[in-house]
Amino acid sequence: MGDNGLILGQRLAEWCGHGPILEQDIALTNISLDLIGQARLWLSLAGQIEGQGRDEDKLAYFRDANEFRHLNLCEQPNGHWGTTILRQFLFDAFHLPLLEQISKFDDPQLASIAQKCVKEVRYHLRWSSEWAVRLGDGTEESHEKMQQALADVWPFAGEAILANAFDLELAEINPAYNIQMVNKAWWSTVNDVFNQANLEVPAANWAPQKGREGIHTERLGFILAEMQFLPRAYPDAQW
Amino acid sequence: MNSKNWPLFEVFIRSKNGLSHKHVGSLHAADPAMALENARDVYCRRNEGVSIWVVPSDHITASDPGDAEELYEPARDKIYRHPTFYTIPDEIGHM
């Protein structure tokens with residue numbers, strides 16, 4: 001959860017100052033900051049549970065690519081505005097039902113972080129859905145660009161909603177965790193919005209991705225190089 | 001995307017319940033739904049409000065600054081119209 005927020009937040013931050021209009025530049029930066037704020041909570045908790053004295057910054061800035069556990073969808077390039085929108089939408093449609101599930105976990109720390117995130121992510125999904133519909137069902141040119149952008153990001157979405165060994169193991173320990181339910185909710189949102197947006201689900205299969213096991217695409221190295229440079233070059237730098 | 005063609009909207013925000021909506025600025029948007037979200041993103045980032053109104057700017061009829069003399073000056077010397085002779089109890093709060 002923390003790495004998803006951190007890496008997608010970092011990606012979205014690349015838009016800062018480059019948005020198509022001022023209002024949307026700010027909208028996207030808000031979402032970026034929401035996600036980075038969420039990442040801070042998750043990573044702090046992870047460091048605390050690990051008990052090795054690593055705080056959020058240590059985890060964010062002093063891990064290498066193969067130690068990151070986010071979905072490879074999050075690290076895919078921004079592309080054009082439509083690509084960013086669709087990557088965000090496919091992520092939000094997964095992020096929200098998962099957070100809703102975690103917000104009902106017995107563990108009070110997990111539940112309270114998720115409850116805070118749910119409110120932010122509900123807006124993210126609303127925002128990305130609206131843009132998907134606006135451009136998908138806009139002009140002939142915007143529709144074509146959206147369908148093409150969808151073909152680019154679609155193969156990475158499968159990793160979010162298909163269970164891996166970790167999901168099955170976790171579901172045994174905690175029956176409140178159910179990736180099939182997230183999968184169902186995701187498809188329902190995707191079908192509903194694509195229907196309004198006049199977008200077709202691409203015929204291409206999911207690309208087998210193992211971001212959650214630390215196997216990432218070549219994109220991640222570039223993100224980390226930029227994100228981690230300063231704290232690595234100046235380890236005692238203060239905010 | 002050409003935002004030059006997007007109409008202008010005026011944004012009004014209620015900072016808390018019990019107060020009136022107050023004009024805070026304007027923005028461009030393709031339609032009212034987008035204007036509302038833009039207003040949320042641009043003007044409510046620092047906990048400014050609990051309610052937003054957006055109004056297409058061309059729906060606002062404004063007074064002409066050139067008419068100021070006849071519109072406002074006559075009221076200037078009529079202090080008897082101000083309710084300054086009453087004391088307002090503290091409990092009333094905002095008036």
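Two strands count as paired when DSSP finds at least two bridges between them, and strands themselves are DSSP runs (E, at least two residues), just as helices are runs of H or I with at least four residues, numbered from the N terminus. With that in hand, let's look at chain B: an open sheet of three strands has the order β2-β1-β3, with antiparallel pairing.

Before going on, please note that this is a predicted model, in which local features need pLDDT of at least 70 and side-chain atom pairs count only at pLDDT 80 or more, while totals for chains, interfaces and linings use all residues. Residues are numbered from 1 along each chain as its sequence is written, and chains are lettered from A and ligands numbered from 1 in the order in which they are written.

**The sheet of chain B**

The edge strands, β2 and β3 of chain B, each pair on one side only. The two pairings are set out here.

| Strand pair (chain B) | Direction | Bridges | A facing pair |
|---|---|---|---|
| β1 (8-14) and β2 (21-28) | antiparallel | seven | B:I13 and B:K22 |
| β1 and β3 | antiparallel | six | B:E10 and B:V55 |

Between β1(B) and β2(B) the hairpin has six residues, and B:G18 takes a positive phi near 105° there.

**Where the chains meet**

Two residues are in contact if their C-beta atoms, placed from the backbone, lie within 7 Å. On this basis, 10 residues of chain B are in contact with eight residues of chain A. The largest share of chain B's side, four residues, comes from α1(B).

**The cores**

A nonpolar core joins buried Ala, Val, Leu, Ile, Met, Phe, Trp, Tyr and Cys residues through C-beta atoms within 7 Å; buried means that 20 or more other C-beta atoms lie within 10 Å of a residue's own. The largest core has 57 residues, and A:L86 and A:F94 are among those with the most contacts inside it. Helix α4 (residues 81-102) of chain A gives the most to this core, with 12 residues. A second, separate core of 11 residues includes B:F9 and B:V42. Leaving aside neighbours within four places in sequence, A:L86 is in contact with A:A132, A:M146, A:A149, A:L150 and A:V153.

Methods: Buried ≥ 20, exposed ≤ 12 C-beta atoms within 10 Å, placed from the backbone.
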